[in-house]
Amino acid sequence: MGHFPSSVGHCVTSIEKSFFMTMLPWYLAKSWPGNVGHIFKKNRDLTKAWKGKTDQLLRVDEHDFTMRPAFGGPAIPVGVDVQVESLDSISEVDMDFTMTLYLRHYWKDERLSFPSTNNKSMTFDGRLVKKIWVPDVFFVHSKRSFIHDTTTDNIMLRVFPDGHVLYSMRVTVTAMCNMDFSHFPLDSQTCSLELESYAYTDEDLMLYWKNGNESLKTDEKISLSQFLIQKFHTTSRLAFYSSTGWYNRLYINFTLRRHIFFFLLQTYFPATLMVMLSWVSFWIDRRAVPARVSLGITTVLTMSTIITGVNASMPRVSYIKAVDIYLWVSFVFVFLSVLEYAAVNYLTTVQERKERKLRERFSCSCGIPHSKTMMLDGNYSESDANSLAGYTRNQMAPEEEKPEKMVVHLAMSNESNSSRKRGLKGHVGLRIIQNTHAIDKYSRLIFPGTYIFFNLIYWSVFS
């Protein structure tokens, strides 16, 4: 037998398909009589339930939505509520804050009412917003703001059959915050985000918090690295512009308390340790010039670095901050410790020069070797000098027995008469100058005591 042409094959195939589609309902009816209607029943297309487009359903084309609802009548009330999603950042240098929030408006526009048997609302995206009237609310004192558009514009419009409208958007705004740093870093800051209608005065639009203080909701996970959020609350009042009139203004107020522990570790503890390190020089021998000078210079430079680092992250305000008081007082203590050693070194040099002149004057008449006179340097006391002032050379012990006391007698003999006339009071008044060890001795008590007293006053005033 020969083969059929290709056209005949196509004809048989189409006949088979036609027969299958014709017989399938009859076969299913015989096998499952109750399921045929269910299988071939089509789902109802809800988008075709209305006899026209959405625009025609809401009668958008029949009204002029460039005018507010009830134009020419009383002010239209527009309720507002806000849910704060995050408080992103607080900038002391720029004096602003960044916040992400859900902003919702509630009002009634009878032009958008529609018939409904189930009294359910309809929800739309941002495309319908451009065709109807919405409140022109803006953020007062904002620097930057935008509506999120990923993956589409984060805008929702919900319309109820009676004309009530819910308009919601997700916004991130950066707004100005006037901060007072006089108590920094022991400060608390109060910032406000202000909402207001741009074009409509209070005679046309009445902006209000929909549920009072309950109109502001915050996410429980909101936290900041340097601040503790103490309180969120709402307020409202009228704002006046001389050229346009009175406007309703809403405020989102929040109070922030700065965490002090970071600044204790980065500023206060290092500054205190530098001050305490400068006191170490009081226990170092006054003749160890390189040790005491290098220690003093190092502490001064370190304090300068700490002050510079703190001010670099702060705005250049014209008033004194609390941290400035602490750092500069600490710097003064460190600087005074350097001046203290300068005084000690100078007075030591002056005393050694005087004693050298006395040795040169009496070295020939006394006949005492120069090596023995070196024992006088800073080792005699006032009581020893006074006890030898009334003795003559004949009453003194032999030179080989007590050469040191004879030298003291010879050095002090010219001044013994005048010293006794002035009395002990004059010698006590000159003790600090004559004995340079006393300056270091008194500094060991005065410097720590004064610094502790300063800290008590500082923390009691600013904390």
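The following legends describe close-up views of a predicted model.

**Figure 1. The disulfide between C177 and C191.**
One disulfide is found in a search of the whole structure. The sulfur atoms of C177 and C191 lie 1.9 Å apart. This pair connects distant parts of the chain, with C177 in the loop between β7 (164–176) and β8 (188–197) and C191 in strand β8, 14 residues apart. The torsion about the S-S bond is about -80°, so the disulfide of C177 and C191 is left-handed. C177 has a relative accessibility of 1% and therefore counts as buried. C191, at 2% relative accessibility, likewise counts as buried.

**Figure 2. The largest nonpolar core and the surroundings of V82.**
The largest nonpolar core comprises 80 residues. The residues with the most contacts inside this core are V82, L87, F97, M99, L157 and L193. When neighbours within four places in sequence are set aside, V82 is in contact with L101, Y102, L103, W209, S215, L216, K217 and I252.

**Figure 3. The salt bridge between D187 and R258.**
A search of the whole structure finds 14 salt bridges. In the one formed by D187 and R258, the closest N and O atoms are 2.7 Å apart. Distant parts of the chain are linked here: D187 belongs to the loop between β7 and β8, R258 belongs to strand β12 (residues 245–258), and the two are 71 residues apart. Both D187 and R258 are buried.

**Figure 4. The salt bridge between R249 and E194.**
The closest N and O atoms of R249 and E194 are 3.2 Å apart. The pair joins distant parts of the chain, namely strand β12, which holds R249, and strand β8, which holds E194; the separation is 55 residues. R249 has a relative accessible area of 10% and is therefore buried. With a relative accessible area of 11%, E194 is buried as well.

**Figure 5. The salt bridge between R292 and E340.**
R292 and E340 form a salt bridge in which the closest N and O atoms are 3.2 Å apart. The two residues link distant parts of the chain, 48 residues apart: R292 lies in helix α6 (residues 289–312) and E340 in helix α7 (residues 322–366). R292 counts as buried because its relative accessibility is 2%. E340 also counts as buried, at 7% relative accessibility. Elsewhere, salt bridges that share partners join E92, D187 and R258 into one network.

**Figure 6. Chain segments listed as transmembrane regions in UniProt.**
The unreviewed UniProt entry lists residues 260–281, 293–313, 325–347 and 445–462 under "transmembrane region". Over residues 293–313, the model is 95% helix and 0% strand, with the end C-alpha atoms 31 Å apart. Over residues 325–347, the chain is 100% helix and 0% strand, and its end C-alpha atoms are 32 Å apart.

**Figure 7. Cis peptide bonds at T150–T151 and F184–P185.**
The peptide bond joining T150 and T151 is cis, with omega about 0°. T151 is located in the loop between β5 (142–147) and β6 (155–159). The bond from F184 to P185 is also cis, its omega being near 0°. P185 is placed in the loop between β7 and β8.

**Figure 8. Positive phi angles at M95 and H141.**
M95 is not a glycine, yet its phi is positive, at about 55°. This residue lies in the loop between β1 (76–91) and β2 (96–108). M95 has a relative accessible area of 22% and is therefore partly exposed. H141, another residue other than glycine, has a positive phi near 60°. H141 occupies the loop between β4 (137–140) and β5. With a relative accessible area of 42%, H141 is partly exposed.

Notes. Residues are numbered from 1 along each chain as its sequence is written. This is a predicted model: local features need pLDDT of at least 70, side-chain atom pairs count only at pLDDT 80 or more; totals for chains, interfaces and linings use all residues. Side-chain values use heavy atoms; hydrogens and water are left out. A disulfide is a pair of cysteine sulfur atoms within 2.5 Å. Helices (H or I, at least four residues) and strands (E, at least two) are DSSP runs, numbered from the N terminus. Buried means under 20% relative accessible area, exposed over 50%, partly exposed in between (1.4 Å probe, protein chains only). A nonpolar core is a set of buried Ala, Val, Leu, Ile, Met, Phe, Trp, Tyr and Cys residues joined through side-chain atoms within 4.5 Å. Contact means heavy atoms within 4.5 Å. A salt bridge is a side-chain nitrogen of Lys or Arg within 4 Å of a carboxyl oxygen of Asp or Glu. UniProt positions are given in the numbering used here, feature names are shortened, and annotations may be inferred rather than shown by experiment.
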